[in-house]
Amino acid sequence: MSKKNLLLATRLADILLRFNRGETLTLNGLAEEYGVHQRTIRRDIEERLAITGIEKNTALNSYSMRPEYLGKFDASSIDTFAKMAGVKELFPVLDRKMLQSMFYPAPAQNVLVMGHRYIKNEQQTDNFTRLQQAIDERRRVSFSYYKRAEQRNYSVEPYQLINHNGVWYLAAQHDQKMKKFTLGKISALNCTFDLFERSPTLLEELKNEESVWSTEQKFEVVIKVSPKVAEYFQRRDLVVGQVIEKELTDGGLIISTNVSHKNEILPVVQYWLPHLRIISPENLQHEMETVIKNYLGI
């Protein structure tokens with residue numbers, strides 16, 4: 001997390017806690033206190049905290065939380081959000097003391113998270129909001145989708161919006177099969193008024209999936225890891241679902257995993273070249289080598 005984003009998160013958490021205690025806050029007062037422009041504070045309150053039940057007193061140019069929301073945003077609420085956002089397991093401990101240290105940080109911040117650089121554009125933001133509503137209201141949607149430089153049209157039943165490695169996907173049922181669509185490739189989105197019933201079985205499957213390709217048939221991949229990078233793979237799972245099958249005498253490793261699509265494993269192997277080699281299936285290693293040679297013109 002960059003310093004700028006950290007300051008934003010701290011400011012929003014502090015403002016929300018103060019509203020939660022029943023305080024009435026003004027743009028001018030908050031701008032002076034946090035050393036930012038009033039436009040920034042207005043954006044904080046009216047956009048970033050828009051769903052938290054805050055109302056504006058136009059005459060006094062002040063804001064306060066509606067009575068029915070008071071006291072609702074506590075450590076438990078933030079814990080729930082952390083689970084939904086997929087960051088709870090990032091921290092070895094995420095208790096009340098840890099949360100308080102985030103809300104009221106020391107002059108020298110003792111926690112720093114360097115995460116993904118997320119993709120964002122106006123169309124994707126608009127589509128995200130509209131798809132959220134369509135999912136909530138169980139309405140079918142149609143859209144144009146760019147796949148392999150070809151535009152295709154789809155009519156689907158939307159189930160979930162999923163973030164995988166910093167990229168947003170729409171999980172939707174199409175032709176009796178659950179598919180994942182990259183949000184950034186969706187255009188001409190049309191949210192219809194045709195309703196559908198969600199399948200509890202498909203929802204449960206989505207919850208247990210490890211990747212955006214998990215609905216496809218899995219196959220085993222075995223990889224040899226050189227001694228120079230073995231410690232990184234021993235420290236944590238750099239390959240989804242990896243199992244260390246053997247520690248070699250030279251310090252290297254043999255690891256295995258089960259994947260549903262080659263794109264779950266090839267980018268990882270390519271990133272760690274020349275220290276990783278796919279032993280099985282052999283054709284996957286040959287395919288990767290061919291792509292690299294063609295790219296280099298060899």
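Arg-18 has a relative accessible area of 13% and is therefore buried. In this report, buried means under 20% relative accessible area, exposed means over 50%, and partly exposed lies in between (1.4 Å probe, protein chains only). The structure is a predicted model, in which local features need pLDDT of at least 70 and side-chain atom pairs count only at pLDDT 80 or more, whereas totals for chains, interfaces and linings use all residues. Residues are numbered from 1 along each chain as its sequence is written, and side-chain values use heavy atoms, with hydrogens and water left out.

## Salt bridges

The side chain of Arg-18 meets that of Glu-33 in a salt bridge. The term denotes a side-chain nitrogen of Lys or Arg within 4 Å of a carboxyl oxygen of Asp or Glu. Arg-18 belongs to helix H1 (residues 3–20) and Glu-33 to helix H2 (residues 27–34), so the pair ties together parts that are 15 residues apart in sequence. Helices (H or I, at least four residues) and strands (E, at least two) are DSSP runs, numbered from the N terminus.

The structure holds 13 salt bridges; the table lists some of them.

| Pair | N to O distance |
|---|---|
| Glu-33 and Arg-18 | 2.9 Å |
| Glu-137 and Arg-139 | 2.7 Å |
| Arg-138 and Glu-197 | 3.8 Å |

In the pair of Glu-137 and Arg-139, Glu-137 is partly exposed at 39% relative accessibility, while Arg-139 is buried at 10%.

The side chains of Arg-138 and Glu-197 also form a salt bridge. This pair links distant parts of the chain, 59 residues apart: Arg-138 is in the loop between helix H6 (122–137) and strand E4 (139–147), and Glu-197 is in the loop between strand E8 (186–195) and helix H7 (200–208). Arg-138 has a relative accessible area of 33% and is partly exposed; Glu-197, with 65%, is exposed.

## Helix H10

Helix H10 (residues 282–296) has 15 residues, which at 1.5 Å a residue should span 21 Å; its end C-alpha atoms are 21 Å apart, in agreement with that value. The expected span is 1.5 Å times one less than the number of residues. Leu-284, Gln-285 and Met-288 are buried in H10. Seen down the axis, the buried residues of H10 fall within an arc of 100 degrees, so they line one face of the helix. The arc is that of the directions from the helix axis to the C-beta atoms. An α-helix has 3.6 residues a turn, so residues three or four places apart point the same way.

The buried residues of H10 pack against strand E9 (219–225), helix H9 (266–271) and strand E12 (276–280). On the other side of H10, Glu-282, Asn-283 and Asn-294 are exposed. Just after the helix, Gly-297 adopts a positive phi of about 75 degrees.

Ser-62 lies in strand E3 (residues 62–65) and is buried, because its relative accessibility is 5%. Apart from neighbours within four places in sequence, Ser-62 is in contact (heavy atoms within 4.5 Å) with Thr-24, Leu-25, Thr-26, Glu-55, Lys-56 and Asn-57.

The protein chain contains 10 helices and 12 strands. Of its 298 residues, 36% are buried. Among contacts between residues at least 6 apart in sequence, 56% join residues at least 24 apart.
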